[in-house]
Each structure stands twice: as structure tokens, then as C-alpha cells.
Amino acid sequence: MSVGGLPHALRDGDQFAARVNGRRPAVFLDYDGTLTPIVDRPQDAVISETMRNAVHRLAQRTTVCVVTGRDRSVVAEWLGIDGLVVAGSHGFDIAGNISGRAAGGEGGETIQHHAVAGFEELLATITEQLRNQLASAPGATVEPKRFSVAVHYRLVDPAHRPLVTATVEDLLAEYPDQLKLTPGKMVYEIQPKVDWNKGQAVLYLRHALGVDGPEYVSLYVGDDITDEDAFRALKGPVNGIGVVVADLNDPEVAGRPTAADFLLESIGEVERFLDMLA
Ligand SMILES: [Mg+2]
């Protein structure tokens, strides 16, 4: 189906209600372009007061998760809503208070999930290895992070930089199936090589939050290509509902193939949709 051919989540309310079929919504929301307008500078993508209120009201009634490509802590701070689960880095990094909603969970329990579970030991091992090997490259800093190990070389004398590069390359060659490299500005970021996307994040969260039973329907609202992974994940036996946010005035967007089931045409409509669900 193309985006332009989809039924509308508000105007075709009967079709939408038929798909929900009396089930309780568990709502997964993208952030940029879904809760906030797309802006030139990413740091300007602050949520409006009315949208924040709409998300807040809904989060008081049912499970609401924000699944974003951004850093989790940044979005969590902007949203400033207690009880909301935020999955950052395309769901790579999930945390939030689940308020006892998870099956068997106790009140106030916090979930801390990341797709790199089981990699902690490897990350600790390579941190040690890098520190030893880079002792002869003055200025090099090895920074262990929650989901990666960063090797900073800004302060390394240019003559010693090839040693840093060779050390990192050798390490990656040692663990070709487990590690990958993301270069940055004067930094090598070594990350676990895992296949993870918003779709897998949503499937994980449905389970972790205890909303994967037949009495619940997972709704996912998003505007971007990475959200298509989530729309696809909700197909089939999961029987969820994907809602794509798209401006049909843009012919390229309208003609884009999508795995979503319904359409909303603006951020304003997303806000009305969230109010309708609440
Ligand atoms: Mg988006």
C-alpha cells in the first residue's frame, strides 16, 4: 500500500475502531516528526506544551512508550513525563519506569534493557586490552560507555595516531562477528555488532511491559523510514496497528510504499489522535 492510499486514523474512525476491536491500546510513539515538527537544527525539536499534555494524559490511562533514534536521556528530559518508557538510539537503549505494569513486575520497577545484553563482559575485556595496548600512545583515552567503548585520540601526537588506528583495527579483526566500528570526530567508537531496529524494540517492549496479551493492541505512530520496521513488526499474529504520519501534499511521501495501516497528515492530527485514545 502507498501512504496516500491508506485510510485516515481519525476521519475513517469506524475502520480504526474495527481494527482496535475493543482491545486496550498500548501506544508506541516516534519523537521527531511525530510529536515535534521537523526542524533544521535537531536541538530545536522541543515538544509543545499541548503535545506534552496529550502524551501525559494518555500515559495516565495506558502504556505509552517513545521509541526514538535520538539519545534516550535527551528525549526523556524534553518529555519530562513520569511513567513514560523511552527507548533511545532506535530502541538500542531502553529505560523507564514501568509502574508495575509489566507482567509480574513490582510497582516502581525500572526496566533497563539494551540489545547489547551479554556484551558487557566483552566490552570490559576490550577496554582492558585497549588500555594496555595504548599505554605507548600518550594522550589516547579509552572511555568505556554503557553500549560501547570509545577511543579518543585528539590529544595523541600525530606521529602516534597510526598506532591507535592499528590497535583498534587489530582488535576488531580479533572479534569480527561481535564488534563493529563507528568512527567519529577524533574518536573510534567500538560497538557490539547487533541487528536491532525499532521493530525489534517494540516487540521487546510489548513483552517487557506485559502488553503482548490478546486484550491489548499495540499502536505505533511514526513518520520515517526507520518506523517502517516497527510497522512491519506489528503485522501478522501480533495484530497491531501502524499509523504513519505523512504530509500528502508531498507527492514523494504520498507515493511511498508503507507497512502502516492508517494515516495521520500532521503533528496536529497526532495530538488529536492521542486525545481521542485517552
Ligand atoms: Mg520521526
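Author: A crossing is left-handed if the near helix is turned anticlockwise from the far one by less than a right angle, and right-handed if clockwise. In this predicted model, α2 passes α9 in a left-handed crossing. Local features need pLDDT of at least 70, side-chain atom pairs count only at pLDDT 80 or more, and totals for chains, interfaces and linings use all residues. Residues are numbered from 1 along each chain as its sequence is written.

Reader: How many helices and strands does the protein chain have?

Author: Nine helices and twelve strands. Both are DSSP runs, numbered from the N terminus (helices: H or I, at least four residues; strands: E, at least two).

Reader: At what angle do α2 and α9 pack?

Author: Helix α2 spans residues 49-61 and helix α9 spans residues 267-277. Their angle is about 25°, and their axes are 9 Å apart.

Reader: Which residues of α2 and α9 meet?

Author: Thr50, Met51, Ala54, Val55 and Leu58 in α2 meet Glu271, Leu274, Asp275 and Leu277 in α9. Residues are in contact if their C-beta atoms, placed from the backbone, lie within 7 Å.

Reader: What makes Gly88 buried?

Author: Gly88 has 24 other C-beta atoms within 10 Å. Buried takes 20 or more, exposed 12 or fewer, and partly exposed falls in between. With 24, Gly88 is therefore buried. Gly88 lies in strand β3, residues 85-88. Leaving aside neighbours within four places in sequence, Gly88 contacts Thr68, Arg70, Asp71, Arg72, Val75 and Asp93. Its C-alpha atom is 7.7 Å from that of Ser73, 15 residues apart along the chain.

Reader: How do you know whether Phe147 is buried or partly exposed?

Author: Count again. Phe147 has 18 other C-beta atoms within 10 Å, so Phe147 is partly exposed. Phe147 sits in the loop between β6 (141-144) and β7 (149-152).

Reader: Why is Asn21 called exposed?

Author: Asn21 has 8 other C-beta atoms within 10 Å, so it is exposed. Asn21 is in the loop between α1 (13-20) and β1 (24-29). Its phi is near 55°, a positive value in a residue other than glycine.

Reader: What about Asn239: exposed or partly exposed?

Author: Asn239 has 14 other C-beta atoms within 10 Å, so it is partly exposed. Its loop joins α7 (227-233) and β11 (241-245). Asn239 has a positive phi of about 55°, though it is not a glycine.

Reader: Which residues touch the most other members of the largest nonpolar core?

Author: Phe28, Val55, Val66, Leu205, Tyr220 and Val243, out of 53 residues. The largest share of this core, five residues, comes from α2. A second, separate core of 15 residues includes Leu130, Ala140, Val168 and Tyr188.

Reader: What makes a set of residues a nonpolar core?

Author: The members are buried Ala, Val, Leu, Ile, Met, Phe, Trp, Tyr and Cys residues, joined through C-beta atoms within 7 Å. Tyr220 has contacts beyond four places in sequence with residues including Phe28, Val202 and Val243.

Reader: Which residues of helix α6 are buried?

Author: In α6, residues 198-208, they are Lys198, Gly199, Ala201, Val202, Leu205, Arg206 and Ala208. Just after α6, Gly210 takes a positive phi of about 70°. Across the protein chain, buried residues make up 36% of the 278 residues.

Key:
Axes are lines fitted to C-alpha atoms, for helices over the stretch in contact, and angles run from 0 to 180 degrees between N-to-C directions. Two residues are in contact if their C-beta atoms, placed from the backbone, lie within 7 Å.
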